[in-house]
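Please open the structure in your viewer and keep the selection tool at hand. The stops below are meant to be taken in order.

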Amino acid sequence: VTVDNRQAARFYDNFSSAGIDIDSNAPGDSFFISFFLKPETSGRQCVLNLSNGVKLFSNNGRLTIKKWDNGEEEIDCGALPVGAWTLVEFFSGEGRSMARASGGSYTFLPIAPYPWKAYFGDNVYDSNPTRSVGQIFLIDLASVNTMVKPGRVIDTQVPAYISAIQPLNG
């Protein structure tokens, strides 16, 4: 679908999902994904399901990250206004995952699942999908960027690592 002069995919109700092509990866590798997201409704909906127990949600105008491994935890990652295109970034490595919206500060969780598999929407094969009837969001397809880096990425390398693969669209 074309929305705001962008080629986009529209996701409905967490009953739709799309796998994301990422490079093969191994334990200890670091992973990054960025994309522009436009929530069309304000309720809670899984927008990105990242393999073993990490999900990003559009949640009433906020981006949140949730984990289930070693105890359930969900934290806020920044503003995600309904009806606006917002840059979403996710990085994981070194035993932690972090996400942010609109270039704000990263929010950290102490988890780095492996192997990396990524889906927009709630993966239809997930054993515990989120039911979000009536919720809709868009992904700008040209803005989707992923990168797998073998081995460790230390804290001082993260900004350069992320800036090297910024989305194409603003």
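Predicted model: local features only at pLDDT ≥ 70, side-chain atom pairs only at ≥ 80, totals over all residues.

Residues are numbered from 1 along each chain as its sequence is written, and side-chain values use heavy atoms, with hydrogens and water left out.

**Stop 1: the six-stranded sheet**

Show the cartoon and find the open sheet whose six strands follow the order S3-S12-S5-S6-S7-S8, with antiparallel pairing. Strands here are DSSP runs of E with at least two residues, numbered from the N terminus, and two strands pair if DSSP finds at least two bridges between them. Select 17-20 for S3 and 73-79 for S8: these strands stand at the edges, each with a single partner strand, so one side of each has no neighbour in the sheet. On average, neighbouring strands of this sheet are turned by 20° against each other, direction ignored; the axes are lines fitted to C-alpha atoms, and angles run from 0 to 180 degrees between N-to-C directions. Strands of a sheet pair through backbone hydrogen bonds, either parallel or antiparallel.

Next select residues 54-58 (S6) and 62-67 (S7). Five bridges join S6 and S7 in the antiparallel sense. Within this pair, lysine 55 is placed opposite lysine 66 in S7.

**Stop 2**

Select residues 2-3 (S1) and 6-12 (S2), which run antiparallel and are joined by two bridges. Valine 3 faces arginine 6 of S2 across this pairing. The hairpin has two residues between its strands, and aspartate 4 takes a positive phi near 55° there.

**Stop 3: salt bridges**

How many salt bridges does the structure hold? There are eight, where the term means a side-chain nitrogen of Lys or Arg within 4 Å of a carboxyl oxygen of Asp or Glu. Three of them are visited below.

Start with aspartate 4 and lysine 38, whose closest N and O atoms are 2.6 Å apart. Aspartate 4 lies in the loop between S1 and S2 and lysine 38 in strand S4 (residues 30-39), so the pair ties together parts 34 residues apart in sequence. Aspartate 4 is partly exposed, with a relative accessible area of 47%, whereas lysine 38 is buried at 11%. Buried means under 20% relative accessible area, exposed over 50%, and partly exposed in between (1.4 Å probe, protein chains only).

Move on to arginine 44 and glutamate 74, a salt bridge with its closest N and O atoms 2.7 Å apart. Arginine 44 sits in the loop between S4 and S5 (45-50) and glutamate 74 in S8, so this pair ties together parts that are 30 residues apart in sequence. Arginine 44 is partly exposed, with a relative accessible area of 26%; glutamate 74 is also partly exposed, at 32%.

Return to lysine 55 and select aspartate 122 with it: their side chains meet in a salt bridge of 2.8 Å, N to O. This pair links distant parts of the chain, 67 residues apart, with lysine 55 in S6 and aspartate 122 in the loop between S12 (118-121) and S13.

**Stop 4: around aspartate 122**

Is aspartate 122 buried or exposed? Aspartate 122 counts as buried, at 0% relative accessibility, and lysine 55 is buried too. For a distance across the fold, pick the C-alpha atoms of aspartate 122 and aspartate 13: they are separated by 9.1 Å and lie 109 residues apart along the chain.

**Stop 5: threonine 41**

Select threonine 41 in the loop between S4 and S5. Its side chain makes a polar contact of 2.8 Å with the side chain of glutamine 135. A polar atom of the threonine 41 side chain also lies 2.9 Å from the backbone nitrogen of isoleucine 136.

**Stop 6: cysteines**

Finish with cysteine 46, buried at 0% relative accessibility, and cysteine 77, buried at 4%. A search of the whole structure finds zero disulfides, a disulfide being a pair of cysteine sulfur atoms within 2.5 Å.

Notes: Helix = DSSP H or I, 4+ residues; strand = E, 2+ residues; numbered from the N terminus. Polar contact = N/O pair within 3.5 Å; in protein donor to acceptor, adjacent residues only side chain to side chain.
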